[in-house]
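I opened the model to look up its charged pairs. The entries below follow the order in which I went through them.

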Amino acid sequence: MKRIILVILAGLISVHSYAKVYTFGIVPQQSASRLAQQWGPILDHISAKTGHKIVFSTASDIPTFEQRLEQGDYDFAYMNPYHYSVYSEQTGYLAVAKAKDKLIKGIIVVRKDSGIMSIEQLTNTTLAFPSPAAFAASILTRGALVQSDIPFEPEYVSSHDSVYLSVAKGFYPAGGGIFRTFNSLPAETRDQLTPIYVTEGYTSHAIAVHPRVSEKTRQEVSQALYMLDNDPVTLEQLSALNIKGFVPARDQDWDDVRRLNINLLSQ
């Protein structure tokens, strides 16, 4: 009986050893299990460094993630550049970090054995994209096709990984993605595909904080993010995400995205 009581007390001490619990939402470009595997250890490290429990969260698809950003459900969130341009204004999210030395570019991928060498060969086809407001994988790639006067029919398959798998299986001749998620695919899928088009680059994803989070906590979490690439263990975890590290960000860093005047979500 005494041992049981000690175990319970130990569990309570562990639960209450954190100052506070905060949610960290990750845009669902990949499956929830894969994102949890990639981001979980990083968030555990930040929890240990800050004394706050930082809890992984995502959504079943990108439109649901957008609804949660609009509602301010996440305390911290890793969101695409267009999402940040919308929800910084609409919900008040403030950028604290962005990927080091990185611009985000959209890519259009095809099967290596498809014989498709240029986007002109995609005329009058149905193409796969993650979701309407996926910035580089959908907005930039669709824009490139439109600017090249290539008629096509978009279909939205909920995530980057779903795009790649659908193209690899021959369900679509091509689809939109980004290099980070493409390069993190399992080799057996990635080796079947090749990018045939790359868009211009823009400021990458933002890590942003909701205004309800105190300035002190914001600074503590931000500093932990900036130091991730100084630790060999977390540097290896970042490498699995194809991210070199995080640096401080300012709201105006995403003015290049705002100048595109995209209007897909209510602002």
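I began with Lys-216, which counts as exposed because its relative accessibility is 59% (buried is under 20% relative accessible area, exposed over 50%, partly exposed in between, with a 1.4 Å probe and protein chains only). This is a predicted model: local features need pLDDT of at least 70, side-chain atom pairs count only at pLDDT 80 or more, and totals for chains, interfaces and linings use all residues. Residues are numbered from 1 along each chain as its sequence is written, and side-chain values use heavy atoms, leaving out hydrogens and water.

I found Lys-216 in a salt bridge with Glu-220, with 2.5 Å between the closest N and O atoms (a side-chain nitrogen of Lys or Arg within 4 Å of a carboxyl oxygen of Asp or Glu). Glu-220 is partly exposed at 22%. Both residues lie in helix α9, 4 residues apart, about one turn of the helix (helices are DSSP runs of H or I, at least four residues, and strands are runs of E, at least two, numbered from the N terminus). I also noted a network of Lys-98, Arg-250 and Asp-253, joined by salt bridges that share partners.

I counted 11 salt bridges in the structure. One of them pairs Asp-229 with Lys-100 at 2.4 Å, N to O. Asp-229 sits in the loop between α9 (215-226) and α10 (232-240) and Lys-100 in the loop between β4 (94-99) and β5 (103-104), so the pair ties together parts 129 residues apart in sequence. Asp-229 is buried at 17%, while Lys-100 is partly exposed at 25%.
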